[in-house]
Amino acid sequence: MGKVPKKRNLADKVRKTKTSTVIKNNPFEVKINRKKFDVLGRKTKHDVGLPGVSRSKAINKRKETLLKEYKHKNKSNKLIDRRFGEYDTKMAPEDKILQRFAMERQRVHDKKDVYNLNEDEELTHYGQSLAEMEKFNDLVNSDDESEEKGLLSAELTASHFGGGGGLLRKKTSGEQQEEEGNQRAKSRQELIEELIQKSKQEKRERQVQKEESQELTEKLDQDWKSIQALMVQKTPKADKPEEKPKLEEYDMMVRELGFEMKAQPSEKMKTPEELAREEREKLQKLEADRLRRMLGDEVDDSAQKQTYMSADDLNDGFILDKDDKKTLSYQDGKWNIGEDSDEDKDEDDEEGESGDEEESEAEEDDEDGDEEEEEGDEEEEEGDEEEEEGDEEMEEGSSEEEDGHSDLESEQESEDEERKQEDKEISAKVKKSLTKEEMKAQQEAAKAELPYTFKVPESYSDLKDLLHGHTPDNQRLIVARTQKSNHPSLAVGNKLKLQNLFGFLLEYIGELTTRSPPELTTIDKLIPELYALCQMFPEAACKAMQSTIGDVAHSMEEVLEVKGHAAFPALDMLIYLKVTALLFPTSDFRHPVTTPALLYISQGLTKCPVRSLQDVTSGLVLCCLAVEYVSFSKRFLPELVNFLAGILHLAVQDKTSLGFSVVPPFRPSGKYSDLLVLSDSESSKSWSKKSLPLSATQHLELKNDLDRDHHRLLCLYTCLDLVKRCCLLYKDLTSFTHIFQPIRTLLLKHLSAQTLPEPLKELHSEILDTISNVPVTCNPLVFEKKKPIPLKLLTPKIVEVLDYGKKRGSTREEREKERLKHKYKKEFKGALREIRKDSRFLAREKLNEVMNRDAERKRKVKELFGSLATQEGEWKALKRKKRK
């Protein structure tokens, strides 16, 4: 059968049959290289291309060259004869054969000689030849053994392992005649008794020999001790004082660790929801107790009923409670349950009194609002009790180690004690009934107490009605109990109610400031509850404070647009600004609440004119708030420093020659420029230092000139204190000396410390020392001494370009160099392009090889599976035939 012709590609066949003219006329085979523009007189070589023809030529060329090199890679088809003298024509063939044979033997001999020993050398051991030494291959004879230990007698062996051995075996005629001559034949029983007697005798002899050897050994020991005492002059061991061995450091540490306290397991951490639920249950229980006492109801007997336990109870759940369980017992065939003795009644009365005292203490603690401290104290007490129990256990363990039978000795005593306790606990408790007067007093006290649970007020008027007529402590307690009994985790609508409560409290605080006199103590008591609500609902608190501050700021802007100036913030707004600083962080770079509040303070310090002592007081309060706002971030507020300088300017008497500039809202001179000038210099002697009251911002009553001078000195003292705080706050700024230069000039030249009281003199000197001690860190700007060297300016090289893309005017060598560069670049790009095409061609061929190998492997696997399937089918068919 002939070889199957190779299938060719249809495209190649069609391309070969086609003539070049047909290919050129086919528009799908022709690629036209379009030009951007035509140049007259330029001949074009590659305006029309045949990519299909050029591609097929390149593929055929690579198949003939690159593919053949790839297939012959790492393959050699040459046989090189490397035998010795093969290419040496001068050597005879016999010499070649002999030389080759010798080289082969040498190579084999070299390989075998690696592990061969030299036969001429003689091996020795300790100077003797191993060949001449005796090898001791003889076996040791068992008769040479002299030890008799472990050997058995012949009779015993014969009787035990030979079924009687030679004693019961059939004797020969000669032996039988000898024995008959000596004595008559012995029976089996006699032989066994004789054997037992002999073994006992041997055992007795061995025992006697052992006792004799032991006596001799003891005698020898005594003799040796007497000799040893003569040989070595040492005190006997009995005369020496017994010295206990010192314990090592490790043993001491181990014993100390055994007596250390063991760690006690702590209680599980409770979630906020669980804590809120427990707090509400506690308040509800206290409220129910208060209502019961208010109505005059007595305690149910079921609550005080004695619980009993069976005599078989192991008492595992032992808890030290007030209601101790009693053990059931019999007496004269009846239950031993009677009335308690008078001692138990007295004890119960004492317990009842202590319980009432505990309830009253709990109510007082609730009124103070220190529930968390109570919980902490209880935990500490529990921890102390656990430690005491641990100490008792350690003491009990040590006592048990000292005497393990002490419990057996004291068993009778414990039984007697139990009997006594049972006799004491036999009688039942009878509670004394309260008299009418005591019941009435108890009802009145319960009515006077605050309820323990409150509903959240739904409007501001409800909150006012709820808090009306109560002291500041009770108002705080009402808000705290309202918050705890209506925690958001206890009901669905509590969250919204408490959010509204925060706004109502803010409004209530504003109303407290407008009263005369303002109830600042009540505000101080309500701030912690306001803070707790803010921590619980930060978004709602933020919106409420934003709306409050925003409304006041807009109203100030409207007044400024109309009048050009505005009044200082009232006391309620000052309290709101203080609450903002307490509830929200003031050190943030930008905050939705504190940033608008700080801007409002700055606007008040610049836009509100100072026209009275009350305005001075309000301005100083604003300055205190500003210092508090920037105390952590140390943010520079120019409005604060300017306002303090203006306040000091109000205390200057002579305003003719000022060495500093006065910034609005202050004026260098005028009607209100002498507000802090003292009317009488003697009034400074009777002035005493005190804090600036907040109520002075709302209503200031000064009856005479002495009171006015005292208030002026108080304002001046507050201003100097704020200046000192600002100096300490801004002393790290590089421009510190320039910022506080006006204040320094004012204090040195215009505000002398001679006429001021002693506290003001101290502040005056401290401020001047602080300003003068800060070093100047900034350097003034000056011109450079040397003139800077300018950059080199080179004359540009002008190249005349006559034709597009061609340079003219250069030398012949430069043009040749440019031509070679251009040619090199072109060839380099072409080589890279050809390398890429070659790599793609090789990758394609490798892929084809892999695909062919996979196809061949799949074909063989299919054949194997087919043969196996056929074999399996035949085997199953044969199996079915056998079943039939």
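Tutor: What follows starts with the charged patches, moves to the salt bridges, and ends with the loops and the chain as a whole.

Bear in mind that this is a predicted model.

Start with positive charge. R55, K63, K817, K821, K825, K829, R833, R836, K837, R840 and R844 gather in one positive patch on the surface. Two elements each give two or more residues to this patch: α3, residues 51–64, and α29, residues 812–883. Helix α29 supplies the largest share, with nine residues. Take K837 as one example. K837 sits in helix α29. Its relative accessible area is 35%, so K837 is partly exposed.

Which two helices does the salt bridge between R62 and D838 tie together? First, the contact itself. The side chains of R62 and D838 meet at 2.5 Å, N to O. R62 belongs to helix α3 and D838 to helix α29, so the pair links parts that are 776 residues apart in sequence. Look at the cover on each partner. R62 has 11% relative accessibility and therefore counts as buried, the cut-off being under 20%. D838 has a relative accessible area of 25%, so D838 is partly exposed. Helices α3 and α29 are also the two named for the positive patch. In general, side chains of opposite charge can pair when their charged atoms come close.

Now the negative side. E211, E212, E215, E218, D221 and D223 form a negative surface patch. One of these residues, E215, has its place in helix α8, residues 188–231. E215 reaches 55% relative accessibility, and therefore counts as exposed, the cut-off being over 50%.

Back to pairing. The whole structure holds 22 salt bridges. The R62 and D838 pair is a salt bridge; here are two others. K270 pairs with E278, and the closest N and O atoms are 2.6 Å apart. K270 is partly exposed at 39% relative accessibility. E278 is partly exposed too, with a relative accessible area of 35%. The next bridge joins E519 and R515, with the closest N and O atoms 2.9 Å apart. E519 counts as partly exposed at 28%. R515 counts as partly exposed at 29%. Salt bridges can also share partners: D81, R83, E86 and R100 are joined this way into one network.

Next, the loop that holds P517. The peptide bond between S516 and P517 is cis, with omega about -5°. P517 lies in the loop between α18, residues 494–514, and α19, residues 520–536.

D572 brings in another acidic residue. D572 is in helix α21, residues 571–583. D572 counts as partly exposed, at 25% relative accessibility. Leaving out residues up to four places away in sequence, D572 touches G510 and T513. The C-alpha atoms of D572 and E511 are 7.7 Å apart, while the two residues stand 61 apart in sequence.

Two further backbone points deserve a check. The peptide bond from P664 to P665 is cis, with omega near 15°. P665 is in the loop between α24, residues 638–649, and α25, residues 705–730. K634 is not glycine, but its phi is positive, near 55°. K634 lies in the loop between α23, residues 613–629, and α24. With a relative accessible area of 43%, K634 is partly exposed.

M103 is in helix α5, residues 93–112. M103 is partly exposed, at 39% relative accessibility. The C-alpha atoms of M103 and F84 are separated by 9.3 Å, and the two residues are 19 apart along the chain.

Finally, the whole chain. The secondary structure comes to 29 helices and eight strands. Of the 884 residues, 23% are buried. Among contacts between residues at least 6 apart in sequence, 71% join residues at least 24 apart. The bridge between R62 in α3 and D838 in α29 ties together parts 776 residues apart in sequence.

Note on methods: Residues are numbered from 1 along each chain as its sequence is written. This is a predicted model: local features need pLDDT of at least 70, side-chain atom pairs count only at pLDDT 80 or more; totals for chains, interfaces and linings use all residues. Side-chain values use heavy atoms; hydrogens and water are left out. Helices (H or I, at least four residues) and strands (E, at least two) are DSSP runs, numbered from the N terminus. Buried means under 20% relative accessible area, exposed over 50%, partly exposed in between (1.4 Å probe, protein chains only). Contact means heavy atoms within 4.5 Å. Patches are made of residues with over 30% relative accessible area and no salt bridge: like charges are joined within 9 Å, nonpolar side chains (Val, Leu, Ile, Met, Phe, Trp, Tyr) within 5 Å. Accessible areas come from the Shrake-Rupley method with a 1.4 Å probe; for residues, only the protein chains shown count as cover. A salt bridge is a side-chain nitrogen of Lys or Arg within 4 Å of a carboxyl oxygen of Asp or Glu. Lys and Arg count as positive and Asp and Glu as negative; His and the chain ends are not counted. The place of a charge is taken as NZ of Lys, CZ of Arg, CG of Asp or CD of Glu.
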